[in-house]
Amino acid sequence: MAAYCQVTETRPQFGHAVSHAQNKTKRRFNPNVQKKTYFVPSLRRNVTLQVSARGIKVIDVRGIESVVAELLARGEKI
């Protein structure tokens, strides 16, 4: 499964791993993605989302109802 946050739409970023000798090799920076289950009262069911640590904070601040409404408007599969 891809490292993708459904809330913040964060995807992997790419860069270099730099050694002490300044050798540069390609590497990938993955977001901290967790699988979380939330109960959404308006849908009357549990929703499992793949969210990053920052996405969990966004849900805590804005509320699951607001976030799920935005995901549905965006066409995200829930």
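I take helices (H or I, at least four residues) and strands (E, at least two) as DSSP runs, numbered from the N terminus. Axes are lines fitted to C-alpha atoms, for helices over the stretch in contact, and angles run from 0 to 180 degrees between N-to-C directions.

The model is predicted: local features need pLDDT of at least 70, side-chain atom pairs count only at pLDDT 80 or more, and totals for chains, interfaces and linings use all residues. Residues are numbered from 1 along each chain as its sequence is written, and side-chain values use heavy atoms, with hydrogens and water left out.

**Helix pair.** I looked up α1 (residues 53-62) against α2 (residues 64-74). Their axes come within 6 Å and cross at roughly 115°. V58, I59 and R62 of α1 meet I64, S66, V67 and E70 of α2 in this contact (heavy atoms within 4.5 Å).

**Burial in α2.** Which residues of α2 are buried? I find I64, V67, V68 and L71 (buried means under 20% relative accessible area, exposed over 50%, partly exposed in between; 1.4 Å probe, protein chains only). They sit on the same side of α2 because they cover an arc of only 95° around the axis (directions from the helix axis to the C-beta atoms). Their cover includes β3 (33-40), β4 (45-52) and α1. G75 follows α2, with a positive phi near 90°.

**K36.** I place K36 in strand β3. K36 is partly exposed, at 33% relative accessible area. Its C-alpha lies 5.4 Å from that of L49, 13 residues apart along the chain. Leaving aside neighbours within four places in sequence, K36 contacts V47, T48, L49, V51 and I56.
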